[in-house]
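Please read the points alongside the sequence and the model.

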Amino acid sequence: MSLREPTDPGPARLPLGTLVAGCLAVCLAQIALAIPATLNGLFQEDLHPIGSQLTWISDAFLLPVTVLELTFGVLGDLFGRKRLLVGGSALIVVGEVVAAASHGVHLLWAGQAIAGLGAAALFPTSLAMVAAGTRTHQARSRAIAIWAASLSTGGFIAPVLGGITGNYGSWRWAFVVVTLIAAASTLVGLLLAANSSAPEGRSLDLGGQVTIGVGLFALLYGVIQGPADGWGSGPVITAFVIAAVFVVLFIVAERRARSPLLRLGLFTNRAFAIASFVAVVGMFSFLGTAYAASIRLGPIQHQSPMRSSVAFLLLNGLALVMLPITSRLLDRLAGRWILTIGLALMAAGDFTAATLPVSDRALTSLILPLGLVGVGFALTVSSITATAVNTVPIHYAGMASAATSLLRDFGFTLGPAVIGAVALSRAASQFTSGLAGSTLSPQIKAAAGHVAAEGGPLAVNSVPPSSPPGAAAPLALDALGHGYAIGFVVCGAAALLSCLLALIALRGGVREEVAEQPPAQEAAATA
């Protein structure tokens, strides 16, 4: 089934098969995205990553997601979304197989990148199929709430899967199970999904695709490599300069393109612009929190994957429980209030987490802070998506879906990168000064300094206590605890900033009726 001309209102209800296929696809993509979080401790023990290599395991997946989502949004509009739904799931099959078979960090990166390419197709495509299959604001809000709950369900399943496989088998088995889920998603999409497209006025915008891809990649490279290479190093400075230049070139290219990859006029809509900003900053806060929690429980405290998984159940599982509440709130309350409440809860949770001492290994201590962040995320992710997609004509649902997904996942990608950079930089500085001022013998200081030069405080924290550098492990533990506490504070500040922006800038509410306009008005509204 193809999406008909804009004059046709489309089906009265979203086909069940399309809803099932789209929700399974986004659940799969989120599982694949979140699965490394509970396994970071095992990666550190088995593969011995140094410097920023541990961060790159997550971001190797997130980079193609962020860079290519707009492109896949256009491809789905032009050539049909069902093809991308099926093809994206198949790519995740390939990527997870490569990751499961890897015996070094570089091959694991390759598998993550291939799987990320598949997820880049699934995130915007699944949302566009759900949005395009409905014709009213209320029906679309409910369908998007189900889609968002499926995304959160993937985040719920991932830590359980990682905890069980990591605790009773190997981290490789986690990737094997994701492979099986991806194969099932491929089959369901092929058999049940109804095709849709919106080719009217769309074409491949090569200039936009190249400039945004290079710009985002350079920016993320600079952020991730900054702590390892030095913020003043040539490659890092060059990366930031390239990022700035290509983002400007992207804006210029989109203003001149006859069929832009991203219609910049969408951002003249206040609700869409605010939702876009909050999508970046709010989601940065959420995944930064998840990353900080995963490092605290895994490489720092050396807790088992099963125990670590409990934290991620708090972060993601509550969204599934709250689905009926979230759906009702989207129908009855202005998005401004849902965003404000959700982001305020996230900020409160992060600031509380920052006060926990690194020596506290009790999981009960995490219930309040991570529970607050989990409830806040459940409210925020649904309202961001509904606000953004419902503020554009249905004819541009694919573009808005891709833009929203890109911005959300750009925030996701920034989370581990920025928090890892801030926390490790601060931890390294504190460890170096603490080691120099300690009463340890010169031999122990030299041995610990050598380990830290190779792998940072995380490496010192992981050496056997009986070894010479092991005597400096308590210093490394304190430094890491302080560094990641600052990481939680940064996440809380980002959520609080987004909360205030949603409260103030969306004052008075934004009524959305553009989706119901006739074609002539749609063209005028998006010109």
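1. A definition is needed at the outset: axes are lines fitted to C-alpha atoms, for helices over the stretch in contact, and angles run from 0 to 180 degrees between N-to-C directions. The model discussed here is predicted.

2. With that convention, helix 3 and helix 4 may be taken up. Their axes come within 7 Å and cross at roughly 130°. Angles over 145 degrees count as roughly antiparallel and those of 65 to 115 as roughly perpendicular; helix 3 and helix 4 are therefore oblique to each other. On the helix 3 side the contact involves Phe72, Leu75, Gly76, Asp77 and Phe79, which meet Arg81, Arg83 and Leu84 of helix 4. Sorted by class, this contact has four nonpolar residues, one polar residue and three charged residues.

3. Helix 4, residues 81-101, also packs against helix 5, residues 105-132. Here the angle is about 155° and the axes lie 7 Å apart, which means that helix 4 is roughly antiparallel to helix 5. The contact of these two helices divides into 19 nonpolar, eight polar and three charged residues. The crossing of helix 4 and helix 5 is left-handed.

4. Helix 1 and helix 7 form a further pair. Helix 7 spans residues 171-192, and its axis and that of helix 1 come within 9 Å, crossing at roughly 160°. Helix 1 is therefore roughly antiparallel to helix 7, and the crossing of the two is left-handed. Helix 1 contributes residues including Gly17, Thr18, Val20, Ala21 and Leu24 to the contact, while those of helix 7 include Val178, Ile181, Ala182, Ala184 and Ser185. The contact of helix 1 with helix 7 has 13 nonpolar and four polar residues, and no charged ones.

5. How many cavities of 30 Å³ or more does the model contain? The count comes to six. The largest cavity holds about 170 Å³ of space. It is lined by 15 residues, of which Leu33, Ala34, Ala37, Leu287 and Ala290 are the closest to its centre.

6. Which helices each supply at least two residues of the lining of the largest cavity? They are helix 1 (16-34), helix 3 (53-79), helix 10 (270-300) and helix 11 (305-321). Helix 10 gives the largest share of this lining, with four residues. By class, the lining of the largest cavity comprises 11 nonpolar and four polar residues, with no charged residues.

Notes: Residues are numbered from 1 along each chain as its sequence is written. This is a predicted model: local features need pLDDT of at least 70, side-chain atom pairs count only at pLDDT 80 or more; totals for chains, interfaces and linings use all residues. Side-chain values use heavy atoms; hydrogens and water are left out. On a 1 Å grid over the protein atoms alone, a cavity is a set of points where a 1.4 Å probe fits but cannot get out, and a pocket is an open set with protein on both sides within 12 Å along at least five of seven lines; lining residues have an atom within 4 Å of a point. Grid points are joined across faces, edges and corners, and a volume is the space filled by probe spheres set on the points. Ala, Val, Leu, Ile, Met, Phe, Trp, Tyr, Cys and Pro count as nonpolar, Asp, Glu, Lys and Arg as charged, and the others, Gly among them, as polar. Angles under 35 degrees count as roughly parallel, over 145 as roughly antiparallel, 65 to 115 as roughly perpendicular and the rest as oblique. A crossing is left-handed if the near helix is turned anticlockwise from the far one by less than a right angle, and right-handed if clockwise. Contact means heavy atoms within 4.5 Å.
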